[in-house]
Amino acid sequence: MSVDVVGAPSVDLTLTASAAPSPVLAGDDVTFTATVSNVGAADAPDFVVSMPVPDQTTFVPGLSDPACSVAAGTISCVGGPLAAGASATFDFVVTVDPSYP
């Protein structure tokens with residue numbers, strides 16, 4: 001998972017991520033939570049959190065944050081602006097394929 005800033009390379013953003021549940025079984029929904037924090041002194045303009053869709057899963061738009069979508073095998077969540085010292089959190093869901101071992 002990564003975070004990219006649009007138009008302001010000097011902004012200092014951090015990204016933390018988690019997934020639940022664990023372990024995962026066939027047919028389970030897995031919720032990923034990504035938190036972007038602006039730890040710098042300047043406000044951040046728009047930013048994008050992105051992650052490849054995990055193998056043997058399907059993105060679930062109806063259960064995911066409206067700022068998140070999928071295209072060409074990549075989940076992207078668009079946010080911003082983000083003030084200095086502020087954080088933004090995105091949740092997105094994938095369903096494990098029924099054929100998962």
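Four strands form an open sheet in the order S1-S4-S7-S6, with antiparallel pairing. At its edges stand S1 and strand S6 (68–71), each with a single partner strand, so one side of each has no neighbour in the sheet. On average, neighbouring strands here are turned by 25 degrees against each other, direction ignored. Such angles, on a scale from 0 to 180 degrees, are taken between axes fitted to C-alpha atoms. Strands are DSSP runs (E, at least two residues), numbered from the N terminus, and two of them pair if DSSP finds at least two bridges between them.

This is a predicted model, in which local features need pLDDT of at least 70 and side-chain atom pairs count only at pLDDT 80 or more, while totals for chains, interfaces and linings use all residues. Residues are numbered from 1 along each chain as its sequence is written, and side-chain values use heavy atoms, with hydrogens and water left out.

Within the sheet, strand S4 (residues 47–52) pairs with strand S7 (residues 74–79) in the antiparallel sense over 6 bridges. Valine 48 has valine 78 in S7 as its bridge partner.

The model has 1 disulfide, meaning a pair of cysteine sulfur atoms within 2.5 Å. This disulfide joins cysteine 68 to cysteine 77, with S to S 2.1 Å. The link is right-handed, with 110 degrees about the S-S bond. Cysteine 68 is buried at a relative accessible area of 7%, and cysteine 77 is buried at 0%; buried means under 20% relative accessible area (1.4 Å probe, protein chains only).

The protein chain averages a pLDDT of 93, on a confidence scale from 0 to 100. Among its elements, strand S1 (residues 2–5) has the lowest mean, 80.

Terms used:
pLDDT is the predictor's confidence in each residue, from 0 to 100. Buried means under 20% relative accessible area, exposed over 50%, partly exposed in between (1.4 Å probe, protein chains only).
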